[in-house]
Amino acid sequence: MLPSHLYVHVPFCARRCSYCDFSIAVRRTVPVTDYLRGIQRELAAVTALGGVTSSSCDLSTVYLGGGTPSSLGAEGVRQLLTTIASFAQIARGAEVTIEANPDDVTPEAADAWAAARVNRLSLGAQSFDDAALTWMHRTHDAGRIGVAVRSARSAGIDNLSLDLIFALPPEIPRSWTRDLDQTLALSPQHVSLYGLTVEPATPLERGVSAGRASAAGEDRYADEFLEAHDRMTRAGFAHYEVSNFAEPGRESRHNSAYWTGAPYIGIGPAAHSFDGQRRRWNIKAYTQWLATLDRGESAVEGHELIDAESAKSERIYLGLRTGIGYRAGASDRATAESWARAGWAVIDGDLVRLNAEGWLRLDSLAAGLTGL
Ligand code: SF4
């Protein structure tokens, strides 16, 4: 089956956020021309392998993620989408998403992105509290978030998602309730939540080790997650995946493809691809990724065959993390019923669906199923 979902990793960020362990390239000036040359070469290589052809592959979703894709600017994003369209057809009605830093969403940039077929914007808002944004080492202030939303809407991009981070360290005087209020006041179609975790080798981890910061406890994490669930669902959003809320019909089609096990192609440094059986991943470091492609070599660093055991575990985990649920076999029935009695899940025929309380325990519950 030819994938109809394309992910493009744009690794550039102006600086590293305090909590971030992603594969990024910190650049004050983004090397747009060099990056686009790498993308052109990788797309040519993928096409030659038969992964994508302009005549046989209609992309139903394109996702520009990062890093900070919006740092490519108005012209860089236009050129990127033009390059993609020269290798693969972007279907009519395709969902074309760009992740954006609020600072980058100027009226001119939004107009150019909309003209280039971007129709969904995922905005890294994170908080509406300037002190929290400074602590996170974000480049934007709270005032820029509303400006970005208005610029996108004026350009005709009306499918807007806001990212928020919860469970900040207790010493950060940020009101989660106020952040949820401010989010809803902007009437987004979609909201993604990220619970802050202390990842190794991040500025946050160094701060925690030195006693300058502390991690939020489990109670704070649970309280804020459940508060968000309550507020968002009362406002008419569906909590359709453990970390995501959407107005009806505005679920992320691209991410939903991942969660249902659909094949996809990923290009750019650190991007992953999946053909239904095998997962491949690219070289992580931007300079090495580009140099490899410039030498005419493959950017793929490794691959793994998803064997029956791994496929079963993924099916369980993916099913439980979404509102679709997991089709439990007879061997898992008693376990699922115990979850329902504990108030963590509902059972609908042979489907078991976790609720917000269950999603707080997702990893341990998924580990308890056999999938037989
Ligand atoms: S903008 Fe995103 S990818 Fe870039 S440093 Fe911050 S968290 Fe990491």
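This is a predicted model: local features need pLDDT of at least 70, side-chain atom pairs count only at pLDDT 80 or more; totals for chains, interfaces and linings use all residues.
Two strands count as paired if DSSP finds at least two bridges between them. I took helices (H or I, at least four residues) and strands (E, at least two) as DSSP runs, numbered from the N terminus.

Entry 1: Residues are numbered from 1 along each chain as its sequence is written, and side-chain values use heavy atoms, with hydrogens and water left out.

Entry 2: I then looked up the pairing of β12 with β13, which is antiparallel and runs over three bridges. Phenylalanine 274 stands opposite arginine 279 of β13.

On the other pairing, I found that five bridges join β13 (residues 278-282) to β14, again in the antiparallel sense. Arginine 279 has glutamate 304 as its bridge partner in β14, and asparagine 282 stands opposite valine 300 in β14.

I recorded the whole as an open sheet of three strands in the order β12-β13-β14. Which strands stand at the edges? They are β12 (272-274) and β14 (300-305); each has a single partner strand, so one side of each is left without a neighbour in the sheet. The twist averages 20° from one strand to the next, where axes are lines fitted to C-alpha atoms, for helices over the stretch in contact, and angles run from 0 to 180 degrees between N-to-C directions.

**Entry 3: helix α3.** Here I used burial: buried means under 20% relative accessible area, exposed over 50%, and partly exposed in between (1.4 Å probe, protein chains only). In α3 (residues 107-115), Ala109, Ala110, Ala112 and Trp113 are buried. Seen down the axis, these buried residues fall within an arc of 165°, so they line one face of α3. The arc is that of the directions from the helix axis to the C-beta atoms. Glu108 and Ala115 are exposed on the face turned away from the buried side of α3. The buried residues of α3 pack against α2 (73-87), β5 (89-100), β6 and α5 (143-154), with contact meaning heavy atoms within 4.5 Å. Just after α3, arginine 117 takes a positive phi of about 90°.

**Entry 4: helix α6.** I listed Trp176, Asp179, Leu180, Thr183 and Leu184 as buried in α6 (residues 176-185). They cover an arc of only 130° around the axis, which puts them on the same side of α6. Their cover includes β6, β7 (159-166), β8 (190-195) and α8 (218-234). Just after α6, serine 187 takes a positive phi of about 50°.

**Entry 5: glycine 124.** I located glycine 124 in strand β6 (residues 120-126). Is glycine 124 buried or exposed? It is buried, with a relative accessible area of 5%. Not counting residues up to four places away in sequence, glycine 124 touches Ala100, Pro102, Arg138, His140 and Asp163.

**Entry 6: the ligand.** I looked up the residues around the ligand, among them Cys13, Cys17, Cys20 and Arg138; a residue is near a molecule if one of its heavy atoms lies within 4 Å of it.
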